[in-house]
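Hi,

Here is the structure I promised to pass on. Have a look at it first, and then read my notes below.

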Amino acid sequence: MWGDFNNDGRPDLYVSILDHDNKLYRNDGSRVPPGPRGEDWRFTDVSPQAGTVAPKESFPTWFWDYDNDGWLDIMAAGFKVTNVADLAKLYLGMPVETTMPMLYHNNHDGTFSDVAHAVHLDRVALPMGSNFGDLDNDGWPDCYFGDGEPSLRALIPNRMFRNEGGRVFEDVTTSGGFGHLQKGHGVAFGDIDNDGDQDIFEVMGGWFEGDFAFNVLYTNPGHGNHWATLRLEGRRSNRSAIGARIKVTVATPRGGRDIYASVTSGGSFGGSSLQQEIGLGNATAIQAIEVRWPTTGEVQVFRDVKMDRFYHLVEGEPQLAPEPRRRFTF
């Protein structure tokens, strides 16, 4: 997955490698002069000094700013095939042999610290299709893990974790009705019915041809929080604005707050909506929306934007264009 972990405006690359050390490649930009074979761009493997090589048995991964501090963190989910008894121990709170995920918190100095245990995410087993989004529009990204263990004997609930203020993650698998027992692969968050909150689509079914299951769509009932949806369009940057960084500053009853987002498809084993569906929680007003475009580095700021609206934002144009959307129900 791509993400600018050091905020230098260049996308870096994190590679999750099953049964090998993971790689974090820092994007060092163009060579001056070009290399002997005409190379004009450099990436440096900084995994050891960054502290991001584990877990050795890993699968889905993504960059995200789970604590809204303006610096991208890394999720690297473990995937060590084990037996059903070991997975039962996981749910019973007993020691297990399966590999736990790593949640790498960005230390703002080129290094990361694993905080999975501290934030209660060391409870996931054998995820494959996975992604993140904002279930309740509170402005804190949540995450969904779809079990992908190929064995036909393994039926392990897919699991949803809610982000409580960037401090801990709560297991809402059962209370939210997300504990599907079939094999979850591609996972996507997106507002499919234009009502301002994110729904979840999941491709189900196992690796073996006979392990068939119907796909699922979880429609969001809403939670009463405010939101703003931004459809970015690049002109000098790529048309989909992939790589653009967004900061939304809102007023709340407790004072100002910043909410961060990046234009990506989310996790490495799924593909979420590229329009940015940003939860604003109990905000009373949007004070400013700041967008940093990926190719030019140009920063645009839009002030006093109305909440609970859809907007089209074109690179270089001074105004947000409201987009009428028709809501519908299934």
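Before the notes, one term: contact here means heavy atoms within 4.5 Å. Also keep in mind that this is a predicted model.

Leaving out its neighbours within four places in sequence, V248 is in contact with R257, D258, I259, I278, L280, I286, A288 and I289. V248 also belongs to the largest nonpolar core, which has 24 residues. Along with V248, the residues with the most contacts inside that core are L232, I246, I278, L280, I286 and I289. So where do the core residues come from? At least two residues each are supplied by strand 16 (226-233), strand 17 (245-252), strand 18 (255-262), strand 19 (276-281), strand 20 (285-292), strand 21 (299-305) and strand 22 (309-314). There is also a second, separate core of 16 residues, and W62, W64, A77 and V115 are among them.

Stepping back to the whole chain, you'll find two helices and 23 strands in the protein. The radius of gyration is 20 Å, close to the 20 Å that the globule rule gives for 330 residues, so the protein is as compact as a globular protein of that length. Taken along the principal axes, the box filled by the C-alpha atoms is roughly 60 × 60 × 40 Å. Of the 330 residues, 51% count as buried. If you take the contacts with a separation of 6 or more, 54% of them are between residues 24 or more positions apart.

N27 is in strand 3 (residues 23-29). Is N27 buried or exposed? It counts as buried, because its relative accessibility is 3% and the cut-off for buried is under 20%. Not counting residues up to four places away in sequence, N27 touches D8, R10, P11, D12, W41, R42 and F43.

The other one is V203, which is in strand 14 (residues 199-204). V203 has 34% relative accessibility, so it counts as partly exposed. As for the surface as a whole, the protein exposes about 15400 Å², and carbon and sulfur atoms supply 53% of that.

That's what I have for now.

Cheers

Notes. Residues are numbered from 1 along each chain as its sequence is written. This is a predicted model: local features need pLDDT of at least 70, side-chain atom pairs count only at pLDDT 80 or more; totals for chains, interfaces and linings use all residues. Side-chain values use heavy atoms; hydrogens and water are left out. Helices (H or I, at least four residues) and strands (E, at least two) are DSSP runs, numbered from the N terminus. Buried means under 20% relative accessible area, exposed over 50%, partly exposed in between (1.4 Å probe, protein chains only). A nonpolar core is a set of buried Ala, Val, Leu, Ile, Met, Phe, Trp, Tyr and Cys residues joined through side-chain atoms within 4.5 Å. The radius of gyration is taken over C-alpha atoms; the globule rule is 2.2 Å times the number of residues to the power 0.38. Accessible areas come from the Shrake-Rupley method with a 1.4 Å probe; for residues, only the protein chains shown count as cover.
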